[in-house]
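Reader: I would like to go through this structure term by term. Please tie each label to its cut-off.

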Amino acid sequence: MNGSILVVSGPSGSGKTSLAKKLLDIVPNAYFSISTTTRKPRENEQDGVDYFFIEKESFLSEIDEGGFLEWAEVHGNFYGTSFKPIEEALQGGKIVVLDIDIQGHKTIREKFPKLVTSVFITTKNKSVLKARLSSRNTETSEILELRIINAISEMRSINAYDYFFVNDDFEESLNSLTAIAIASRHKQSLTDR
């Protein structure tokens, strides 16, 4: 495979998805992997653009058929990364950008240890994270609290990532992510594939 994989993780509300998508406008030959989920679309989300929205039964069938590179159950919904488009992008020499959780990062790193560069993105504190999540107006107070608890738990995995930064300023964070993406093409391990 001629490409590389950039894993972007962090708690909901950290801005990781916005940064990863904006990265595509800057970094040539990058491919953003659209995850498949069983959760319902939020307002303004589009099928095939933000996620592939499918029913739980279809998701479970795809698991049984080995169609996912990685998958996890998060907040009662399933999320997964389909294998075929990733494989095609890697064969085409692209930087595959994956916006996935810590479980997915672990799985991808085990499957492609020499191709993966990873970055964990978060906010400067819990109150900023809670404010960002609240401003979405998409979660109940119970789900919001669950996301905060999960964010605290996810922070324990920061050391498993190659890079870490606080998304306090979007442009500065985008510059950092861009530098990491470009550097990922030149990792020593890529020459040893």
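Author: A polar contact is a pair of N or O atoms within 3.5 Å; within protein, one must be able to donate a hydrogen and the other to accept it, and residues adjacent in sequence count only if both atoms are side-chain atoms. This is a predicted model: local features need pLDDT of at least 70, side-chain atom pairs count only at pLDDT 80 or more, and totals for chains, interfaces and linings use all residues. Residues are numbered from 1 along each chain as its sequence is written, and side-chain values use heavy atoms, without hydrogens and water.

Reader: What does a side-chain oxygen of Asp101 reach at the start of H4?

Author: The backbone nitrogen of Gln103, to within 3.2 Å.

Reader: What puts the buried residues on the same side of H4?

Author: Gly104, His105 and Ile108 are buried (under 20% relative accessible area; exposed is over 50%, partly exposed in between; 1.4 Å probe, protein chains only). They cover an arc of only 100 degrees around the axis, so they share a side of H4. The arc is taken from the directions from the helix axis to the C-beta atoms. On the other side, Lys106 and Glu110 are exposed.

Reader: Why is E7 called largely enclosed?

Author: 5 of its 5 residues are buried, so the rest of the structure largely encloses E7. Ile95, Val97 and Asp99 lie on one side, Val96 and Leu98 on the other.

Reader: How do you know that E1 and E7 pair?

Author: Pairing needs at least two DSSP bridges. E1 and E7 have 5 and run parallel, with Leu6 opposite Val97.

Terms used: Helices (H or I, at least four residues) and strands (E, at least two) are DSSP runs, numbered from the N terminus.
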